[in-house]
Amino acid sequence: MQLRGLDQAGAEALCDRIAATAALDQVRTRAGDGITRAKEILASEDFSAEERQLLGMIADGVVERYS
């Protein structure tokens, strides 16, 4: 199946097939783990408190937007 040739019904069917697997939960968990590790790195003295807060908010927003 080529993705470029999908019409709306085909795209919806493909999304349903993906959602029926554990893939979405696995990706969500992996993204959350990555954000946790990134926030641990942000705790270093290389970043100000304001930078840490802003970067943490951006990271959380990206994960929530796509999950």
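How far apart along helix α2 are R28 and D25, counted in helical turns? They are three residues apart in helix α2, so about one helical turn separates them.

**Model and confidence**

This is a predicted model: local features need pLDDT of at least 70, side-chain atom pairs count only at pLDDT 80 or more, and totals for chains, interfaces and linings use all residues. Residues are numbered from 1 along each chain as its sequence is written, and side-chain values use heavy atoms, with hydrogens and water left out.

The mean pLDDT of the protein is 85. At least 70 is reached by 96% of the residues. The pLDDT score is the predictor's confidence in each residue, on a scale from 0 to 100. Among the elements, helix α1 (residues 8-19) has the highest mean, 90. The lowest mean, 83, belongs to α3. Where pLDDT is low, the predicted coordinates should not be read in detail.

**Overall layout**

The protein has three helices and zero strands. Both are DSSP runs numbered from the N terminus: helices are H or I with at least four residues, strands are E with at least two. From the N terminus on, the order is α-α-α. The radius of gyration is 17 Å, well over the 11 Å that the globule rule gives for 67 residues, so the protein is more spread out than a compact globule. That radius is taken over C-alpha atoms, and the rule is 2.2 Å times the number of residues to the power 0.38. Along its principal axes, the C-alpha trace spans about 50 × 20 × 15 Å.

**Surface**

Of the 67 residues, 9% count as buried. Buried means under 20% relative accessible area, exposed means over 50%, and partly exposed lies in between (1.4 Å probe, protein chains only). The protein exposes about 5800 Å². Carbon and sulfur atoms supply 55% of that area. Accessible areas come from the Shrake-Rupley method with a 1.4 Å probe; for residues, only the protein chains shown count as cover.

L54, L55, I58 and V62 make a nonpolar surface patch of about 340 Å². Patch residues have over 30% relative accessible area and no salt bridge; nonpolar side chains (Val, Leu, Ile, Met, Phe, Trp, Tyr) are joined within 5 Å, like charges within 9 Å.

**Salt bridges**

Side chains of opposite charge can pair when their charged atoms come close. The structure holds two salt bridges. Each needs a side-chain nitrogen of Lys or Arg within 4 Å of a carboxyl oxygen of Asp or Glu.

| Salt bridge | N to O distance |
|---|---|
| R28 and D25 | 3.0 Å |
| K39 and D60 | 2.9 Å |

The K39 and D60 pair links distant parts of the chain. K39 lies in helix α2, D60 in helix α3, 21 residues apart. K39 is partly exposed, because its relative accessibility is 34%. D60 is also partly exposed, at 30%.

R28 lies in helix α2 (residues 23-42). Its relative accessibility of 36% makes R28 partly exposed. R28 and E64 are 36 residues apart in sequence, with 9.2 Å between their C-alpha atoms.

**The α2-α3 loop**

Is D46 buried or exposed? D46 is exposed, because its relative accessible area is 66%. D46 lies in the loop between α2 and α3. D46 and T36 are 10 residues apart in sequence and 17 Å apart in space, C-alpha to C-alpha.
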